Number of protein chains: 2
Amino acid sequence: MESQDTGRTEISELGEFGLIDHLTQTFRISNRSSVYGVGDDAGVIDHDGFCTLISTDLLLEGVHFDLMYCPLKHLGYKSIVVNLSDIYAMNGTPTQVTVSIGISNRFSVEALEDLYAGMQAACEAHGVDLIGGDTTTSLKGFVISVTAIGTAKKDKIVYRRGAKVGDKIAVSGDLGAAFMGLQLLEREKSIFLENNQIQPDLEGQEYVVGRQLKPEARKDIVEILERLQIVPTAMIDVSDGLSSEIMHICKQSGVGCLLKEAEIPIDQETYHLALKFNLDPITCAMNGGEDYELLFTLTEEDAANITEEVGIKIIGEIVPASQGCTLESKAGKIHHLKAQGWNPL
Amino acid sequence: MESQDTGRTEISELGEFGLIDHLTQTFRISNRSSVYGVGDDAGVIDHDGFCTLISTDLLLEGVHFDLMYCPLKHLGYKSIVVNLSDIYAMNGTPTQVTVSIGISNRFSVEALEDLYAGMQAACEAHGVDLIGGDTTTSLKGFVISVTAIGTAKKDKIVYRRGAKVGDKIAVSGDLGAAFMGLQLLEREKSIFLENNQIQPDLEGQEYVVGRQLKPEARKDIVEILERLQIVPTAMIDVSDGLSSEIMHICKQSGVGCLLKEAEIPIDQETYHLALKFNLDPITCAMNGGEDYELLFTLTEEDAANITEEVGIKIIGEIVPASQGCTLESKAGKIHHLKAQGWNPL
């Protein structure tokens, strides 16, 4: 692990996922109730068949949000739903959240009221209760940490590790819009910073901007699956981009995948805006992230019962690990997928 | 709530505890399992008599720790135990934690290994499992967010709100040492910053420095109470200082208190160091904070079964609310207590 001479290993040498694996590899599980440790969307605690799910996210100003274009009410909403999304990704039902914030005196009580109004709207939309948290001073930037708690029957929990060769790969909604929303907001921000007489022009781009500023967690998809009596074989939510997420499923399931470019759902607004920005729409969909859609694998039999009307699309299938993780382009060319993740700046 | 003219209310007008109350007052509880919301050491989720406890803390560089004198291994240990302390303060048993960190590239993998080694030592000492978390880039300062999960039987959970007139007030260990440790470390830091040839002189001060850098959560006290078959009427952990904490119990229980200065436990090292720093030892004990001792109230009958040998001291009693929250000095003078808390800088 050590670099030559200095004895210092840069975090970038391991990457985000390698770092977590490395740091937590010596931790052992000592409680019978701890079913699953680090490495899925949520931790699982078993109370004799009935389970508690726990997921946590840290949102930092300048990294995860920019207060220049992110209204506090939207930020409050988003900070809750991105956590609930992790509970849904385990096929669970979120029930409670805790919220911790680190704030400086540049915030007024009214600003925080907006933040909490957004949080409350998200809690109400998803039927979850705020049951605690921590409030502290931050010297440098605004910090939000949310932990979501949910429940699931043990035999209904869906991990990342259950995909089997021959399973179909499905995704809800469409991809890449949140990323294009971010590109647009960043462009309008630079224009405004150069000349503050120019007001942002977001007309006709409400969908992508909304997907970035106020994403939704797919409670409805979990409910649809339950109604159809389908339990996916593996599931994850799309926070880092389709490419990274399907690779998590494949790595943990010991399989490969073949995605079909022609089947990847991309909204028209996303598509046209990508072209306008000289970006490849499929790259935005594969690597963009922050879609908070659900990506899951299904037996062939269950996949046959899924129709596009419910907002779920079959985009590929699970193949043997030896075939790797690939995307077949519309022209029939095979591309190998790359994981994204992050490295510290 | 609004200031004149500007429509801007400063957070300092409400203070920490007023702010939390204000922001969360419109949140409603919609799940039957959510027993207790914001306002105690931990949230409580009821699964038919068997409960899950949840507590979360946010630690920010420059506010809660200074990496100049806080070794990362100690910081890892402390970040876990301060959360476990909240679970013990509900008379619960911690079982799991999640850990989120925000880091910049100035940290090496080896530095993070130290941090996680400290976390692992704390997890092992308290029999808790790391079951998840989040790792992200931070542009400005190091951020740690820990959520602790525990269990308790519903009828054994101790809230802040149960103190009754006539109950005795008890505290574990001794108070003010962590605060004096901080004063000492801050002094040595300023000396070092002026002249980096001068090495810190902490000889004979190991106790107070240890209390600051590597506090312990009082698992043993919860076990002693169980062995003695004592369920306190109210309990809280001492993180902000004895004065603030007893006032939380009094406010939520609708009572007052009378503390006896002569009974407040202060270690000799703390006492002498306070005098050396021209500080009043009792003020350090009352307002210092970060002791992570347990402060609780007991029926008179239970209090009679507590002896100082087990490391618990009776320091006063609960009185009617009309008598306020007071401290009787050694000279017999009555002082009214003041809450601490914080205001954003």
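Two residues are in contact here if their C-beta atoms, placed from the backbone, lie within 7 Å. You're looking at a predicted model, where local features need pLDDT of at least 70, side-chain atom pairs count only at pLDDT 80 or more, and totals for chains, interfaces and linings use all residues. Residues are numbered from 1 along each chain as its sequence is written, while chains are lettered from A and ligands numbered from 1 in the order in which they are written.

**Stop one: the two chains.** Colour chains A and B separately.

**Stop two: where they meet.** Select the contact: 75 residues come from chain B and 75 from chain A. On the chain B side, β5(B) gives the largest share, 9 residues (strands are DSSP E runs of at least two residues, helices H or I runs of at least four, numbered from the N terminus). The copies meet through the same surface, because 100% of chain B's interface residues are also interface residues in chain A.

**Stop three: a helix pair.** Show residues 177-194 of chain B, helix α4, and residues 268-276 of chain B, helix α8. Which residues make their contact? Look for Ala177(B), Met180(B) and Leu184(B) on α4(B), plus Thr270(B), Leu273(B) and Ala274(B) on α8(B).

Conventions. Axes are lines fitted to C-alpha atoms, for helices over the stretch in contact, and angles run from 0 to 180 degrees between N-to-C directions.
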